[in-house]
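This report describes one structure, starting with a salt bridge and ending with the surroundings of a ligand. Please look at the sequence and the model before reading on.

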Amino acid sequence: MFNAKAYSAASATSPLASTTITRRDPTENDIQIEILYCGICHSDLHTVRDEWNSVMPTVYPCIPGHEIVGRVTKVGSAVSKFKLGDLAAVGCMVDSDGTCPECKAGLEQFCANFTLTYNSPDKHLGGVTYGGYSDSIVVDQRFVLRVPSNLKLAGVAPLLCAGITTYSPLRHWGVTRGKNVGVVGLGGLGHMGVKLAHALGAHVVVFTTSPKKKEDALRLGADEVVISRNADEMQKHAGSFDFILDAVSADHDISAYLNLLRRDGNITLVGAPEKPLPVSAFGLIMGRRSLSGSMIGGIPETQEMLDFCGQHNITADVEVIPIQKVNEAYERLLKSDVKYRFSIDMASLKSE
Ligand SMILES: NC(=O)c1ccc[n+]([C@@H]2O[C@H](COP(=O)([O-])OP(=O)(O)OC[C@H]3O[C@@H](n4cnc5c(N)ncnc54)[C@H](OP(=O)(O)O)[C@@H]3O)[C@@H](O)[C@H]2O)c1
Ligand SMILES: [Zn+2]
Ligand SMILES: [Zn+2]
């Protein structure tokens with residue numbers, strides 16, 4: 001085992017603070033990575049504050065972070081995919097059983113025995129896994145992704161969660177040229193949804209509660225922007241969408257969006273608010289509309305997304321911050337004040 005620097009939360013009400021943790025020495029299939037950047041996902045905040053207690057209670061100390069990009073510093077003897085000095089990325093999962101039908105289908109995110117990057121039972125060391133707010137991580141090579149060489153690394157990190165979480169449902173629901181696609185909530189996930197849906201050729205309409213994000217939404221690739229608190233503006237789009245991606249982190253009215261779908265249209269929730277959302281039965285019945293959910297994406301599709309981003313020159317729009325500003329960043333996330341993902345420059349951890 002070896003020591004790593006990290007930032008951790010001691011309880012649901014404590015700020016994140018500097019700490020030292022132990023990581024395992026790489027086994028034969030492991031890759032050790034020096035973390036260069038780690039994105040801040042709203043799921044980090046939900047977890048740190050134990051907001052998902054009823055589904056996955058948080059074990060403290062909690063070290064979040066699942067949008068990881070860095071350089072390979074050590075490889076196990078059986079590792080063929082990576083060599084020292086390679087760029088490497090890790091997303092929301094670090095392991096799965098590899099044998100169940102979901103794993104065989106490359107849908108490891110639905111494996112009953114997967115290991116999430118943080119707050120999951122750690123098979124090697126006991127306790128729970130510790131995520132990317134750290135200077136290093138050790139991960140099985142099956143869960144390490146290749147990074148396109150043409151992209152800026154600070155903006156690549158968020159692709160590992162915000163990118164795949166939006167790419168996967170867009171692909172699953174057949175978003176292509178000619179489709180009318182709505183994206184609700186212009187945060188980390190939402191802004192990636194806009195970039196990716198635009199790159200897939202769709203007509204993209206952003207729904208935001210923040211009028212001051214309008215210009216940005218258009219720059220990011222939206223064709224139209226609707227201020228969702230304006231009922232008249234909403235009504236103009238009734239019955240018009242093939243697909244809507246809902247990336248909102250808090251309580252909101254999803255039935256208002258059901259009414260905007262055309263016949264057989266689908267709205268997929270990727271946002272994971274703390275409390276259940278009410279659904280209007282009539283919103284679904286009328287027009288045979290459907291409501292679904294989607295969780296991150298499997299490893300093959302995550303690599304496909306990274307390669308797609310490489311080809312289309314897509315990265316997240318990031319505000320790069322030192323890790324010492326992480327608590328401030330969380331407060332800004334809660335105010336929907338991020339353009340459009342915080343990416344932690346892990347060099348800042350060296351001074352701790
Ligand atoms: N399904 C998955 O696999 C998966 C993966 C990652 C994250 N998530 C979840 O997805 C959600 C979004 O994550 P994120 O990192 O993109 O968060 P984020 O950057 O904080 O963005 C959330 C956006 O939601 C909108 N919003 C916030 N509060 C709202 C309210 N009360 N009513 C209406 N809109 C509101 C805001 O957009 P506007 O300012 O434009 O209104 C905000 O920017 C979180 O719940 C996160 O846990 C799920
Ligand atoms: Zn995430
Ligand atoms: Zn499995």
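## Salt bridges and ligand shell

Arg49 counts as partly exposed, at 28% relative accessibility; the term covers values between buried (under 20% relative accessible area) and exposed (over 50%), with a 1.4 Å probe and protein chains only. This is a predicted model, in which local features need pLDDT of at least 70 and side-chain atom pairs count only at pLDDT 80 or more, while totals for chains, interfaces and linings use all residues. Residues are numbered from 1 along each chain as its sequence is written, chains are lettered from A and ligands numbered from 1 in the order in which they are written, and side-chain values use heavy atoms, with hydrogens and water left out.

Arg49 forms a salt bridge with Glu331, that is, a side-chain nitrogen of Lys or Arg within 4 Å of a carboxyl oxygen of Asp or Glu. Arg49 lies in the loop between helix 1 and strand 4 (68-75) and Glu331 in helix 11 (residues 326-334), so the pair ties together parts that are 282 residues apart in sequence. Helices (H or I, at least four residues) and strands (E, at least two) are DSSP runs, numbered from the N terminus. Glu331 is also partly exposed, at 38% relative accessibility.

The whole structure has 18 salt bridges, including these:

| Pair | Closest N and O atoms |
|---|---|
| Arg49 and Glu331 | 2.9 Å |
| Arg142 and Asp95 | 3.1 Å |
| Asp216 and Lys339 | 3.9 Å |

Asp95 is buried, with a relative accessible area of 11%, whereas Arg142 is partly exposed at 36%. Asp216 is buried at 14%, and Lys339 is partly exposed at 41%. Asp216 and Lys339 also belong to a network of salt bridges that links them with Lys195, Arg219 and Asp317.

Around ligand 1 there are 30 residues, of which Thr208, Thr209, Ser210, Lys213 and Arg341 come nearest; a residue is near if one of its heavy atoms lies within 4 Å. Helix 1 (42-48) and helix 5 (188-199) each supply at least two residues of this shell, and helix 1 gives the most, with 3.

An oxygen atom of ligand 1 is 2.5 Å from an N or O atom in the side chain of Thr208. Backbone atoms take part too: a polar one of Leu186 is 2.7 Å from an oxygen atom of the ligand, and an N or O atom of Ile296 is 2.8 Å from one.

Conventions:
Polar contact = N/O pair within 3.5 Å; in protein donor to acceptor, adjacent residues only side chain to side chain.
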